[in-house]
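Here is a short briefing on one chain and its partner. Keep the structure in view as you read.

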Amino acid sequence: MPNALSVGLGEMIISRNAEDVLVAFGLGSCLGIGMYDRRVMVAGMVHAVLPQRDNGGDPLSPKYVDSGLDALLKAMHEAGAQRDSLILRVAGGANMLVAPGMSSFMNIGERNAAVFAAKVVTLNLAVQAHDLGGHVGRTVRLYVANGRLTVRSMGQPERDL
Amino acid sequence: MTNETGTPLDDRLLLLLELMAGEGIHRAAEGLATMVGEEVTITRPKVVLVRLVELADTLGGAESEGVGIYLQVVGEIPGQVVMIVPYAKALELADLVLGVPEGTSQELGSLERSALAEVGNLTAAFFLNAVASMTGLHARPSPPAVMVDMLGAILDIVIATTEGIGDSLLLLDASFLRAGREVQARFCMIPDPKAIELIASRSRDSRNA
């Protein structure tokens with residue numbers, strides 16, 4: 001039986017245990033960022049809430065997209081992952097509010113996705129797959145055993161990313 | 001606990017908010033009754049302070065399907081209100097306010113969504129009227145937005161806006177009752193920091209008067 005580890009709001013989990021599945025449940029505007037190294041079978045996931053950390057904030061806080069990516073990359077390296085065998089995938093960043101007059105207000109999802117796109121360029125990382133934007137919630141699962149990453153939305157079958 | 005502005009969200013303030021909520025909900029029930037033309041009661045709500053990271057679990061889990069009715073509050077005490085109901089309960093609530101037998105609504109079509117939006121709208125409007133009469137601070141709700149999705153995704157809106165303010169928010173539990181039927185709903189209240197300050201200072205003024 002796989003062992004589901006919930007990656008909560010603003011958290012990061014790294015695992016080398018093949019039994020583990022890292023899960024970010026019910027992402028709306030948040031991003032579920034998954035990294036995997038097939039060679040050493042290590043997986044990491046960040047559940048980032050907001051786009052950018054404040055100046056002076058923890059430079060490795062997983063709560064933010066920018067510092068979360070830094071934290072994930074660092075923790076993966078420490079767990080033995082190599083940059084050239086890293087697989088990076090991301091899902092989330094939806095805009096849940098689609099009422100008249102509200103859509104432009106607080107589109108955190110879009111800002112999260114934009115900061116992610118800019119940050120991977122800065123870090124010179126390739127994004128293998130992404131499922132961003134739209135107006136639906138997502139649950140993201142990353143299997144440590146084989147690096148499989150799935151996305152599920154309400155009323156939709158789970159699909160591989 | 002203290003929010004960023006340093007205003008303590010202390011027991012006394014919580015009690016005050018609970019008092020306002022009680023009065024507001026009482027008025028909201030009257031409004032609902034007018035809408036459906038029959039007596040609807042809403043139980044006296046309980047106000048609890050919930051940690052943001054535990055919010056989704058408190059409401060049934062981040063992946064569970066639910067309905068969120070979201071309103072922005074504009075005026076002297078700006079903020080946001082989200083009414084949260086689990087999916088199955090939302091169908092029951094739609095039946096209840098539409099005055100049809102329980103089990104009639106099988107999915108949330110435009111009629112059911114409008115009915116739920118109206119519940120959120122009325123509840124918020126009457127609630128704010130009660131706050132206004134108790135504090136002299138006026139505010140009104142925006143048109144409601146209805147979201148049907150995973151609870152975690154709906155709550156992200158709340159999380160994203162409050163993360164910079166504090167680590168907890170006010171959750172208000174209330175039940176809608178009509179002709180022996182009962183549906184529980186939760187309201188997340190997210191006053192802007194300045195709104196909390198104002199309410200706190202008004203209550204101090206009235207206490208000192």
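**Chain B at a glance**

Of the 209 residues in chain B, 47% are buried. The model is a predicted one.

**Overall build**

- Chain B has 6 helices and 8 strands.
- Starting at the N terminus, the order of its elements is α-β-β-α-β-β-α-α-β-β-α-β-β-α.
- Take the contacts in chain B between residues at least 6 apart in sequence: 71% of them join residues at least 24 apart.

**Helix α1 of chain B**

- Helix α1 of chain B covers residues 11–36, which is 26 residues.
- At 1.5 Å a residue, this helix should span 38 Å, and its end C-alpha atoms are 36 Å apart, so the two values agree.
- Several residues of α1(B) are buried, including L16(B), L17(B), M20(B) and A21(B).
- Further along α1(B), G24(B), I25(B), R27(B), A28(B), A29(B) and L32(B) are buried too.

**Where chain B meets chain A**

- In chain B, 21 residues are in contact with 21 residues of chain A.
- On the chain B side, β3 (65–75), β6 (145–150) and α5 (151–162) are the elements that each give two or more residues.
- Which element of chain B gives the most to this side? It is α5(B), with 9 residues.
- By class, the side of chain B that touches chain A holds 14 nonpolar, 2 polar and 5 charged residues.

Conventions. Residues are numbered from 1 along each chain as its sequence is written. Chains are lettered from A and ligands numbered from 1 in the order in which they are written. This is a predicted model: local features need pLDDT of at least 70, side-chain atom pairs count only at pLDDT 80 or more; totals for chains, interfaces and linings use all residues. Helices (H or I, at least four residues) and strands (E, at least two) are DSSP runs, numbered from the N terminus. The expected span of a helix is 1.5 Å times one less than its number of residues. A residue is buried if 20 or more other C-beta atoms lie within 10 Å of its own, exposed if 12 or fewer, and partly exposed in between; C-beta atoms are placed from the backbone. Two residues are in contact if their C-beta atoms, placed from the backbone, lie within 7 Å. Ala, Val, Leu, Ile, Met, Phe, Trp, Tyr, Cys and Pro count as nonpolar, Asp, Glu, Lys and Arg as charged, and the others, Gly among them, as polar.
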